[in-house]
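Please consult the sequence and structure shown below.

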Amino acid sequence: MDDEYAKLIRRMNPPRVVIDNNSCEDATVIQVDSINKHGILLQVVQVLTDMDLIIKKAYISSDGGWFMDVFNVIDHNGNKIRDKEVINYIQTRLESDASFSPSLRSSVGVIPSEDHTSIELTGNDRPGLLSEICAVLADLQCNVVNAEIWTHNARAAAVVHVTDHSTGCAIKDSKRLSTIKQLLCNVLNANNDFKGAKTTLSPPGVMNRERRLHQIMFDDRDYERVERTLGRVEDKSSRPQVTVLNIEKDYTVITMRSKDRPKLLFDIVCTLTDMQYVVFHGMVDTGEMEAYQEFYIRHVDGLPISSDAERERVIQCLEAAIERRASEGLELELCTEYRIGLLSDITRIFRENSLCIKRAEISTKGGRVKDTFYVTDVTGNPVDPKIIEAIRGQIGKTKLKVKHSPIVAPKPPERTTGFFLGNFFKARSFQNFKLIRSYS
């Protein structure tokens, strides 16, 4: 009865999306007004992320029954969104997604698919792991059509989409699927994973890969820090800075300062949603190198953070959300014709030259591959340029290109808490903020 009533209210109050190119000089302004429901912020941010839009600023308000958000966005060239077809598509997506009420844990970003088999992997990270996984899949005549691999805190997670080489379709034979799962488990367990390696074959109708990777690594507790590999000195100044405060009994305020990068807001909102926190108010402000985010949150039960253990866990999880996709290492891009075993050969060459893959995005379209790898040496330090040139010579210099070298961001200037929303809450005793924990 309650569910049907909620659907009726949403039908009577459809979301309204306004896309404006006039009010801001250097960005397209997207305003979304809708009936409020848990998870709607993630849905909206995911639509913008899926469109490869870069969010420069955002203002979030969802206290009460209405959701009102404003996003300043640009494309990857730093320009406003002016193509009318793109604007219409964004508006249609936002209006349709904002009116849909999914189960957050299992359905946000669902992309129904019958044309591939989705494999989820998690285990201890080690040099050569991706090479071994790709070799197994190649031997089993599996085409890797799309994949994303993340590593963080000595853990690795991957979502891999494969097809049968002979049919080009999803693999449905249960005996063959069991063999794939068993052999991949053997690879992941090769170094006695103390947390337990996992291989899962997902049914058709899989979640957005990046969304799912956050859930896999969160469930794997990758936010628990481990000792760094010998030979590498960790630069703590480059770590994100997370501060947690309480406003009496009303809200918990979380502020985050980190190096700016694409999809940062999506990564943070994913984690807050999976931890069952609701963002009632917030702002995002990005500069050339730094991103500053400030959120006023409560748990879904309506209460702010109330214990030291919960506070510590929130800080660790948000640090992990920011760091998982950080561009650690040298960025290499492979563009060439697809063939069976190509990814296995490329990753084997990386392994033989002592390269460690920290993150990878694999994509195949129209018979061509466009793969991106972020690599370091086995100790996590920058790769010798001579080794890179030797690898490019082996693979083909027109096929493998160096895109970007890691840049160490200058230390951002100090910024006071309550940059944007402080005045908004003065009437609610903002001046009585009690500093609970500051981590830097």
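What volume does the largest cavity have? Its volume is about 180 Å³.

## Basis of the model

This is a predicted model, in which local features need pLDDT of at least 70, side-chain atom pairs count only at pLDDT 80 or more, and totals for chains, interfaces and linings use all residues. Residues are numbered from 1 along each chain as its sequence is written, and side-chain values use heavy atoms, without hydrogens and water.

A cavity is a set of points, on a 1 Å grid over the protein atoms alone, where a 1.4 Å probe fits but cannot get out; lining residues have an atom within 4 Å of a point. Points are joined across faces, edges and corners, and a volume is the space filled by probe spheres set on them. The count is four cavities of 30 Å³ or more.

## The largest cavity

The lining of the largest cavity comprises 22 residues, with Asp125, Arg126, Leu129, Leu130 and Ile149 nearest its centre. Elements giving two or more residues to this lining include α5 (129-139) and β6 (142-152); helices (H or I, at least four residues) and strands (E, at least two) are DSSP runs, numbered from the N terminus. The largest share, four residues, comes from α5.

## The second largest cavity

The second largest cavity holds about 110 Å³ of space. Its lining has 15 residues, and Val144, Tyr338, Gly341, Leu342 and Leu343 are the closest to its centre. Here α10 gives the most, with three residues.

Notes
On a 1 Å grid over the protein atoms alone, a cavity is a set of points where a 1.4 Å probe fits but cannot get out, and a pocket is an open set with protein on both sides within 12 Å along at least five of seven lines; lining residues have an atom within 4 Å of a point.
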